[in-house]
Amino acid sequence: MSHPKCLGGMYVEESGTPGSPDILFIHGMGQSGRIWQGHMTKLCHFHCLAPDLPGFGRSNHLAPSSNGHIVALLAELIGSRVPGQLVHVVGLSWGATLALTLLSRHPELVDRVIADGTPIHWPRASRLPLLYVLTAALPFKHARWFRALFGNVMDEADLRDASRLAFWRAFVGSMERLPPLAETSNPTLLVAGEQEAWYRPSNAALAALMPHGEAWYAPGLDHCWQRQAPDLHIRTIEAWVGGQELPTELRREPTPSPEAVRVRAIARPRAEEAAVRVERGV
């Protein structure tokens, strides 16, 4: 593996041979590109890119950014490292939100997408209490109880390296509504662990809206299940980006209710609503 820096100092882990099929891996909140090292070793027949997003891992010296700005950085990364080619995108948790936003804004850069554990649209009434709790807890990010709280989804080194503000901004970003995706034609896999009870109905509803979306789950597993079952996760990626049948261990999500699909269909991201207000001079 090589690990050059680019885009103003953003660290990018790179493996494989340029010219092979390309995969862009996007980590979640409090993580870094290090979480994909095992995947990149096994997927050596692909050209893989795994950036440490601003404020995390080896990019923790960079100022935290909004979802929109990070997506612009990812588009620039694709343009500089995969010129003229489409890239497969694999996003985890908050990274899944970024992957779907990248698909919405730059479909010309994207081939097939895996959005794993996409955060749900949090009920408006729960946002402020959750943010207050996180704001109060973040000064104790290095405490044993804080590490224990997130230890099942984050490596201790990544949690240590993540800046507090980046952690907070990513949490806010994970609460944003997903962009409109009903018109995107890219094959998109929305997957989650079976125990991600809040995420799975949202995945099923979004897949029902997308022309080539599919929603599946991994039985017996929880959020960030790539740590619990790395071999299954790697085989899932290989199958999806290769247009093959998914591993037999996975299960397809039940058909969503019409109401769930309707709610997902009318959801609009706050960024889009703000843009509309600006255009109208409100």
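Is Gln226 buried or exposed, and what is its relative accessibility?

A: The model is predicted: local features need pLDDT of at least 70, side-chain atom pairs count only at pLDDT 80 or more, and totals for chains, interfaces and linings use all residues. Residues are numbered from 1 along each chain as its sequence is written, and side-chain values use heavy atoms, with hydrogens and water left out.

Gln226 has a relative accessibility of 3%, so it counts as buried. Buried means under 20% relative accessible area, exposed over 50%, and partly exposed in between, with a 1.4 Å probe and protein chains only. The residue lies in the loop between strand 8 and helix 9 (230-241). Helices (H or I, at least four residues) and strands (E, at least two) are DSSP runs, numbered from the N terminus. Setting aside neighbours within four places in sequence, Gln226 is in contact with Ile35, His39, Leu92 and His233; contact means heavy atoms within 4.5 Å.

Strand 5 covers residues 87-92, and six of its six residues are buried. Val87, Val89 and Gly91 point one way, while His88, Val90 and Leu92 point the other way.

Strand 5 has parallel partners. Strand 3 (residues 22-26) is joined to strand 5 by four bridges, with Phe25 opposite Val90. Strand 6 (residues 110-116) also runs parallel to strand 5, over five bridges, and there Val113 is the bridge partner of Val89. Two strands pair if DSSP finds at least two bridges between them. From strand 5 the chain passes through helix 3 to strand 6, a right-handed β-α-β crossover. Right-handed means that, with the strands pointing away from the viewer, the path from the first strand over the helix to the second runs clockwise.

Helix 3 (residues 94-105) has twelve residues and spans 17 Å from its first C-alpha to its last, close to the expected 16 Å. That expectation is 1.5 Å times one less than the number of residues. Ten of the twelve residues are buried, so helix 3 is largely enclosed by the rest of the structure. Among the buried ones are Trp94, Gly95 and Leu103.

Leu103 is also one of the residues touched by Met210, along with Leu181, Thr184, Thr188 and Leu190, not counting residues up to four places away in sequence. Met210 sits in the loop between helix 8 (199-209) and strand 8 (213-218), and its relative accessibility of 4% makes it buried.

Two aromatic pairs are present in the structure. Rings of Phe, Tyr and Trp (its six-membered ring) pair if their centres lie within 6.5 Å; planes under 30 degrees apart count as stacked, over 60 as edge-to-face and the rest as tilted. Phe25 and Trp36 form a tilted pair, 4.9 Å centre to centre with 35° between the planes. Phe25 belongs to strand 3 and Trp36 to the loop between strand 3 and helix 1 (37-42), so this pair ties together parts eleven residues apart in sequence. Phe56 and Trp94 have ring centres 5.7 Å apart and planes at 55°, so they too are tilted. Phe56 is in the loop between strand 4 (47-51) and helix 2 (67-81), and Trp94 is in helix 3, so the pair links parts 38 residues apart in sequence. Phe56 is buried at 0% relative accessible area, and Trp94 at 2%.
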